[in-house]
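Welcome, and please take a moment to turn the structure around before reading on. The paragraphs below will walk you through it step by step.

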Amino acid sequence: MAAKFEIQGLNAWFGSKHVLKNINIKIEEKAVTAIIGPSGCGKTTFVRCLNRMHEITPGARVSGKVLFNGIDIYSNGVDPVMVRRKIGMVFQKPNPFPMMSIYDNVAAGLKLNGVRDRKILDAAVRRSLELANLWDEVKDDLNKSGASLSGGQQQRLCIARALAVEPEVLLMDEPCSALDPIATAKIESLIRKLAEDYTVVIVTHNMQQAARVSDYTTFLYLGELIEYGPTKQIFENPKQELTERYLTGEFG
Amino acid sequence: MDYHKLRVAKNRLMQFLVYLALFSAIVPLLSILSEVIRRGFSTINFDFFIKPTPTVGEVGGGVANAVQGTLITIGLASLIGVPIGLMSGIFLSEYGELKLSVAVRFLHDVLSGIPSIVIGVFAYALITRSIGFSVTAAAFALAMIMIPIVARTTEEALKLVPMSIREAAIALGIPRWKTTITVVLSAAKKAIVTGILLSIARIAGESAPVLVSMGFWRWWFAGLDRPTANLALNVFIFAMSPFENWIALAWGSALVLILLVLGISVTARVFTRERY
């Protein structure tokens with residue numbers, strides 16, 4: 001397996017607050033990597049550094065290297081807009097575009113980047129919705145508002161929207177935290193399916209979820225990388241005492 | 001039991017006070033409307049809508065030229081004021097953390113606080129004195145009144161669009177400027193259009209700056225360097241005239257002005273109706 005990301009000495013700040021401290025890690029291609037850790041440990045900031053979303057927050061800063069396919073996405077010649085097209089993102093709360101239909105939500109990334117051909121758009125919408133396991137539920141309602149769907153459907157719509165621009169990586173920031181168990185189970189099985197073709201990085205505060213869906217697990221604590229390895233090893237045989245204490249629920 | 005009665009009595013009292021407040025707020029509005037409709041309606045006939053202002057001693061006449069002039073004036077003012085106001089509003093909302101935005105926001109507040117007659121004098125000094133009393137000068141003055149209203153309502157409307165929507169678009173690899181003009185603006189469309197309408201309704205009834213910069217004109221539109229007739233000025237000038245038929249025209253003009261503003265709002269409401 002090849003590394004999709006190679007992160008070297010990554011630091012991130014909000015103003016003077018140092019939220020990520022010297023992170024070094026490789027993220028494997030076509031696998032699911034889970035980021036776990038207690039609240040405020042920098043999980044979300046970490047994934048937002050991978051597609052340069054961190055810097056859109058006023059006062060936010062990054063240093064270090066994030067090699068994506070061997071190229072540092074923070075080097076001078078790299079356009080953050082192009083980075084984000086290759087590295088899609090799904091957020092904690094489903095955020096479909098209001099005032100847009102289901103179809104337009106999925107097609108938005110392509111349309112706004114200049115794709116006009118109806119045939120290409122139709123095909124992309126269908127392919128993305130099928131990939132997101134949503135097609136059968138919405139195929140007759142493509143002109144309805146995205147906001148008319150249930151929370152779980154909205155989240156799958158957001159996944160379809162991210163997939164429509166054909167990224168190589170999907171970053172998911174606690175995608176199930178606003179969903180019920182049934183919707184969560186659907187998203188989890190979807191994540192396993194997506195890992196066949198995409199590199200998935202998922203932030204979760206739910207350790208069982210990390211154990212269920214991920215191939216690799218990263219444990220962050222207070223902005224530092226404590227342990228990283230195959231999920232099985234991290235959960236069954238953690239090398240660090242801190243990881244074990246977190247996994248056994250001693251703190252959270 | 002007594003406690004219960006007291007509670008009911010207090011509830012009744014508060015209800016009474018609330019209804020009283022509602023009533024006293026609505027009475028002036030309804031009495032203005034009913035008086036304008038009663039007096040204005042009797043002057044309205046076919047001629048009223050197709051004939052221009054009558055001269056002294058002439059019987060009949062209408063407000064057709066004033067409707068035309070008012071539409072041209074507010075149209076021209078919107079052409080200047082809406083784009084500038086809209087763009088300032090977008091700037092203030094999307095780049096609000098800059099020092100320049102603080103200054104711009106403050107200047108908008110100052111501008112919206114300037115009495116409209118002063119804006120009229122400004123337009124007079126800047127434009128009327130070089131090209132004469134003209135619809136251009138009036139439109140310029142009215143645009144100055146529109147800009148802070150449009151900018152402020154646009155800013156407020158855009159700020160209500162959740163950050164998560166912007167982030168969703170940016171994370172799709174859509175450039176920031178495109179995110180703003182497509183996703184963010186469309187999410188706030190309704191509130192922005194409402195703000196623009198409010199500003200149009202506001203300037204449609206302005207008389208002081210129009211009088212100073214353009215003056216009164218009783219003929220049809222004759223070019224951008226000439227004045228046009230104006231409904232608000234019709235009300236102002238005719239109401240003070242000694243002639244019965246002119247006073248009737250003032251009431252008629254007031255009614256048409258109200259209907260015009262109402263018509264603009266209703267039309268735009270229909271166009272911006274939520275599709276979902």
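Is the crossing of H5(B) and H6(B) left-handed or right-handed? To find out, look for helix H5 (residues 116-131) of chain B and for helix H6 (residues 135-159) of chain B. Their axes come within 8 Å and cross at roughly 145°. The crossing of H5(B) and H6(B) turns out to be right-handed. On the H5(B) side, the residues that meet the partner helix include B:Ser116, B:Ile119, B:Gly120, B:Ala123 and B:Tyr124. On the H6(B) side, B:Phe140, B:Ala141 and B:Met144 are among them. Sorted by class, this contact has 10 nonpolar residues, four polar ones and no charged ones.

Before going further, keep in mind that you are looking at a predicted model. Its scores are ipTM 0.88 and pTM 0.79. Chain A has a mean pLDDT of 91, with 100% of its residues reaching 70 or more. For chain B the mean pLDDT is 88, and 97% of its residues reach 70 or more. Within chain B, H6(B) has the highest mean pLDDT of the elements, 94, while helix H2 (residues 46-50) of chain B has the lowest, 75. In chain A, the lowest mean belongs to helix H10 (residues 241-247), at 90, and the highest to strand E8 (residues 199-203), at 95.

Now step back and take in chain B as a whole. Strand E1 (residues 3-14) of chain A runs antiparallel to strand E4 (residues 60-68) of chain A, and eight bridges join them. One pair to look for here is A:Phe5, which stands opposite A:Phe68 in E4(A). E1(A) is also joined to strand E2 (residues 17-28) of chain A, again by eight bridges and in the antiparallel sense. In that pairing, A:Glu6 stands opposite A:Lys26 in E2(A). The hairpin of E1(A) and E2(A) has two residues between the strands, and A:Gly15 in the turn has a positive phi of about 60°.

E4(A) pairs with strand E5 (residues 71-72) of chain A over two bridges, in the antiparallel sense. A:Phe68, which you have already seen opposite A:Phe5, has A:Ile71 as its bridge partner in E5(A). Two residues lie between E4(A) and E5(A), and in this turn A:Asn69 has a positive phi of about 50°.

Chain A also contains an open sheet of six strands, in the order E6-E7-E8-E3-E9-E10, with mixed pairing. Which strands stand at the edges? They are strand E6 (87-90) and strand E10 (224-230) of chain A; each has a single partner strand, so one side of each is left without a neighbour in the sheet. On average, neighbouring strands of this sheet are turned by 15° against each other, direction ignored. Within the sheet, strand E3 (residues 32-36) of chain A pairs with E8(A) in the parallel sense over four bridges, and A:Val32 has A:Val200 as its bridge partner in E8(A). Helix H1 (residues 43-50) of chain A packs on this sheet, touching E3, E6, E7, E8 and E9 of chain A. The direction of H1(A) makes about 150° with that of E8(A).

Next, look at a pair of helices in chain A. Helix H3 (residues 102-111) and helix H6 (residues 151-164) of chain A pack at an angle of about 30°, with their axes 7 Å apart. H3(A) and H6(A) are therefore roughly parallel to each other, and their crossing is right-handed. H3(A) brings residues including A:Ile102, A:Val106 and A:Leu110 to the contact, and H6(A) brings A:Leu157, A:Ala160, A:Arg161 and A:Ala164. The residues of this contact divide into eight nonpolar, two polar and one charged.

Finally, see how the two chains come together. Here 17 residues of chain B are in contact with 26 residues of chain A. On the chain B side, the elements that give two or more residues are helix H7 (163-171) and helix H8 (176-187) of chain B. The largest share of that side, six residues, comes from H7(B). By class, the chain B side has 10 nonpolar, four polar and three charged residues.

Notes
Residues numbered from 1 in each chain as written. Chains lettered and ligands numbered in written order. Predicted model: local features only at pLDDT ≥ 70, side-chain atom pairs only at ≥ 80, totals over all residues. Pairing = 2+ DSSP bridges. Axes fitted to C-alpha atoms, helices over the stretch in contact; angles between N-to-C directions. Parallel < 35°, antiparallel > 145°, perpendicular 65-115°, else oblique. Left-handed = near helix turned anticlockwise from the far one by under 90°. Contact = placed C-beta atoms within 7 Å. Nonpolar A, V, L, I, M, F, W, Y, C, P; charged D, E, K, R; others polar. pLDDT = per-residue confidence, 0-100.
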